[in-house]
Amino acid sequence: MYKTIIEPRVSETDGVGHINNTTIPIWLEAGRNKLFKLFMPNLSFKNWNMIVVNINVDYIAQIHYGTPVEVHTHVKKIGNSSLVLYEEIYQEERLCIKGTTTYVYYNQELGKPEVIPEEIRDELMKHIL
């Protein structure tokens with residue numbers, strides 16, 4: 001599991017007093033930064049090869065400003081050229097968000113998916129749910 005700590009910002013709080021629902025997918029993406037480095041060590045957009053094809057988010061409990069959150073990113077499934085992540089956000093040890101995101105390992109130059117390399121697959125297996 002990859003773990004990322006995020007400090008909620010005032011600007012992410014909506015008129016109801018909780019973190020706005022549009023912020024959550026951004027926080028989930030922030031939890032994937034270490035994973036992105038596996039696929040693109042220099043994080044160059046020139047050779048970006050991770051393409052989102054599906055996102056699902058379940059809002060379990062409200063998140064509030066003033067208390068950090070933990071984003072937990074697990075590998076749920078590894079396909080030939082795709083990867084499904086299971087993600088959770090906790091605040092004060094309370095599960096607030098859960099979701100899944102599917103990526104395709106994509107070669108921009110060739111315009112098609114490619115098989116995930118074995119060395120990346122081996123590292124991903126260390127984070128399997």
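Throughout these legends, buried means under 20% relative accessible area, exposed means over 50%, and partly exposed is in between, using a 1.4 Å probe on protein chains only. The model is predicted, so local features need pLDDT of at least 70 and side-chain atom pairs count only at pLDDT 80 or more, while totals for chains, interfaces and linings use all residues. Residues are numbered from 1 along each chain as its sequence is written, and side-chain values use heavy atoms, with hydrogens and water left out. Helices (H or I, at least four residues) and strands (E, at least two) are DSSP runs, numbered from the N terminus.

**View A. Q91 and its surroundings.** Q91 sits in strand β4 and counts as buried, at 3% relative accessibility. Its side chain reaches the backbone oxygen of H64 at 2.8 Å. That is a polar contact: a pair of N or O atoms within 3.5 Å, where, within protein, one must be able to donate a hydrogen and the other to accept it, and residues adjacent in sequence count only if both atoms are side-chain atoms. Contact on its own means heavy atoms within 4.5 Å. Leaving aside neighbours within four places in sequence, Q91 is in contact with P8, Q62, I63, H64, T67, P68, V69 and C96.

**View B. The largest nonpolar core.** A nonpolar core here is a set of buried Ala, Val, Leu, Ile, Met, Phe, Trp, Tyr and Cys residues joined through side-chain atoms within 4.5 Å. In soluble globular proteins, nonpolar side chains tend to be buried together. The largest such core has 16 residues, and those with the most contacts inside it are L35, F36, F39, M50, L83, I116 and L124. At least two residues of this core come from each of α2, β3, β4, β5 and α3, and α2 gives the most, with three. A second, separate core has eleven residues, including I19, W27, V69 and V71.

**View C. Zooming in on L83.** Which residues is L83 in contact with, leaving aside its neighbours within four places in sequence? They are L35, F39, M50, V75, K77, I78, T101, T102, Y103 and L124.

**View D. The buried side of helix α3.** Helix α3 covers residues 118-125, and its buried residues are I120, R121 and L124. They cover an arc of only 100° around the axis, which puts them on the same side of α3. The arc is taken from the directions from the helix axis to the C-beta atoms. An α-helix has 3.6 residues a turn, so residues three or four places apart point the same way. The buried residues of α3 pack against α2, β3 (69-78) and β4.

**View E. Salt bridges.** The rule for a salt bridge is a side-chain nitrogen of Lys or Arg within 4 Å of a carboxyl oxygen of Asp or Glu. How many salt bridges does a search of the whole structure find? It turns up four. One of them pairs the side chains of K3 and E70, at 3.6 Å from N to O. This pair links distant parts of the chain, with K3 in strand β1 (residues 2-6) and E70 in strand β3, 67 residues apart. K3 is partly exposed at 43% relative accessible area, and E70 is partly exposed at 25%.

View F. The side chains of E12 and R9 meet at 2.8 Å, N to O. E12 is buried at 7% relative accessible area, whereas R9 counts as exposed at 51%. E87 bridges to R32, with the closest N and O atoms 2.6 Å apart. Here too distant parts of the chain are linked: E87 is in strand β4 and R32 is in the loop between α1 (24-30) and α2, 55 residues apart. Both E87 and R32 are buried.

**View G. Aromatic pairs.** Rings of Phe, Tyr and Trp (its six-membered ring) pair if their centres lie within 6.5 Å; planes under 30 degrees apart count as stacked, over 60 as edge-to-face and the rest as tilted. By this rule there are four aromatic pairs. The rings of F39 and Y105 have centres 5.4 Å apart and planes at 50°, so this pair is tilted. F39 lies in helix α2 and Y105 in strand β5, so the pair ties together parts 66 residues apart in sequence. F39 and Y105 are both buried. Elsewhere in this view, ring pairs link F36, F45, W48 and Y103 into a cluster.

**View H. Two loop residues with positive phi.** Most residues other than glycine have a negative phi. L43 has a positive phi near 55°; it sits in the loop between α2 (33-39) and β2 (50-59) and is partly exposed, at 33% relative accessible area. E93 has a positive phi near 65°; its place is the loop between β4 (82-91) and β5 (94-107), and E93 is exposed at 79%.
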